Amino acid sequence: MEATAGQAGKTKFQIDLRRYLREDGEDEQLIHLICEIAEASKYIINSIRTGDLGVAGTSNLYGEQQLALDVLSDRILRKRLAQSGVVSNVVSEETADIVFIAPHRTGNFSVAYDPLDGSSLVDVNLAVGTIVSIYRGCDLMQPGTKQVAALYILYGPRTTLVYTTGHGVHEFGMNQLMEYTLLRRNVRMEPKASIYAPGGLRSLYTPGTGKFVRQLESNGVKLRYSGGLVPDFNQILMKGKGVFFYPHLQNAPQGKLRLLFELNPMAFLMEQAGGAASNGRQRILDLVPQKFDERSPFFCGCRDDVAMAEACIREEG
Ligand code: F6P
Ligand code: MN
């Protein structure tokens with residue numbers, strides 16, 4: 001714990017991530033893993049700030065062009081996870097397959113991650129993030145309810161790390177010493193949204209999603225969208241009053257976002273804050289993945305608004 005001079009000369013104590021996790025009663029191996037991911041993020045920040053903004057000349061398993069930054073962030077995180085000594089295998093949004101790290105899968109955890117979500121926003125200087133989902137054991141094809149931890153790191157004007165281990169949602173900020181210290185404990189969602197962040201092309205929405213948007217707007221819910229899942233989701237979570245969605249589209253019945261790398265971790269965080277996450281018909285965390293690059297529609301945020309989305313989608317039949 002470190003004491004710094006706070007406002008009006010008062011001493012303000014900063015609680016760092018490791019200490020907070022210990023006080024939360026987490027097991028030492030999980031603490032080690034989360035702190036290793038936090039360490040890796042410092043190198044990812046550096047590559048975002050100074051790295052090559054060009055394309056890597058390769059594409060990922062979704063056929064999306066990879067940027068040099070995607071590839072670099074992936075390598076930074078994978079190397080750190082591999083050297084952590086507690087990880088059995090990993091799968092990344094940027095790699096084509098599960099990477100077994102520990103011989104004979106002896107590590108305690110498996111990790112699914114999106115190393116640099118929204119990377120195409122870096123060259124226009126908007127916020128991006130890293131998303132991580134952690135399971136115990138070596139099976140990554142489990143429903144999201146089995147996650148033991150989920151977190152994201154948001155690289156905005158400030159860098160923040162938001163995690164859950166199933167005991168609420170806690171936000172940490174990077175300080176001048178590049179340590180993550182506690183900003184807010186037990187972030188909570190209110191029942192009703194005041195902002196919404198919609199992904200996809202509106203002309204391709206199905207009638208249910210169209211109706212949902214009209215209802216939100218007639219309730220005075222305002223549009224707040226940057227185009228990056230992590231900053232858009234973070235705004236909703238930290239304000240406690242919003243709904244994020246990337247729906248099924250007429251030409252993409254599974255939407256765009258990926259269950260293992262994006263939706264499960266965000267759904268776990270949202271539920272732990274008292275919100276909800278659905279594919280329009282079912283709870284996201286109950287979905288059993290059939291393949292690790294599975295996509296799903298996503299409606300996530302205040303409970304009442306997610307229920308309203310489900311009601312509109314149900315009417316579609
Ligand atoms: O990786 C997916 C992503 O970049 C998210 O960060 C974002 O929410 C979404 O795609 C935006 O997609 P679209 O441009 O289709 O709305
Ligand atoms: Mn992504």
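Mentor: Phe245 has its bridge partner Phe299 in β17, and this pair belongs to the place where strand β15 (residues 242–246) and strand β17 (residues 298–301) run antiparallel, joined by four bridges. Strands (E, at least two residues) and helices (H or I, at least four) are DSSP runs numbered from the N terminus, and two strands pair if DSSP finds at least two bridges between them. Before going on, note that this is a predicted model, in which local features need pLDDT of at least 70 and side-chain atom pairs count only at pLDDT 80 or more, while totals for chains, interfaces and linings use all residues. Residues are numbered from 1 along each chain as its sequence is written, chains are lettered from A and ligands numbered from 1 in the order in which they are written, and side-chain values use heavy atoms, with hydrogens and water left out.

Helix α4 packs on the sheet that holds these strands, where it touches β13, β15 and β17 and makes about 160° with the direction of β15. Helix α6 packs on the sheet as well, touching β16 and β17, with its direction at about 30° to that of β17. Contact here means heavy atoms within 4.5 Å, and the angles run from 0 to 180 degrees between N-to-C directions, with axes fitted as lines to C-alpha atoms, for helices over the stretch in contact.

The sheet itself is open and has five strands in the order β14-β13-β15-β17-β16, with mixed pairing. Its edge strands are β14 and β16 (276–278), each of which pairs on one side only. β13 and strand β14 (residues 222–223) are parallel and share two bridges, and at one of these places Ile195 has Lys222 in β14 as its bridge partner. In a regular strand the side chains alternate between the two faces of the sheet. Strand β13 (residues 195–198) is covered on both faces, since Ile195 and Ala197 on one side and Tyr196 and Pro198 on the other are all buried, that is, under 20% relative accessible area, whereas exposed means over 50% and partly exposed in between (1.4 Å probe, protein chains only).

Let us return to α4. Helix α4 (residues 207–218) packs with helix α7 (residues 303–315) at an angle of about 140°, and their axes lie 8 Å apart. Among the residues that meet are Phe212 and Leu216 in α4 and Met308 and Ile313 in α7. By class, this contact has six nonpolar, three polar and three charged residues, where Ala, Val, Leu, Ile, Met, Phe, Trp, Tyr, Cys and Pro count as nonpolar, Asp, Glu, Lys and Arg as charged, and the others, Gly among them, as polar.

The manganese ion (ligand 2) is coordinated by Glu93 (OE), Asp114 (OD), Asp117 (OD) and Glu262 (OE), at 2.0 to 2.8 Å. Glu262 lies in helix α6 (residues 259–272) and Glu93 in the loop between β5 (87–92) and β6 (99–100), so the pair ties together parts that are 169 residues apart in sequence. Donors are N, O and S atoms within 2.8 Å of the metal (3.2 Å for Na, K and Ca), and sites may look incomplete because water is not among the atoms. Glu93 counts as buried because its relative accessibility is 4%, and Glu262 is buried with a relative accessible area of 0%.
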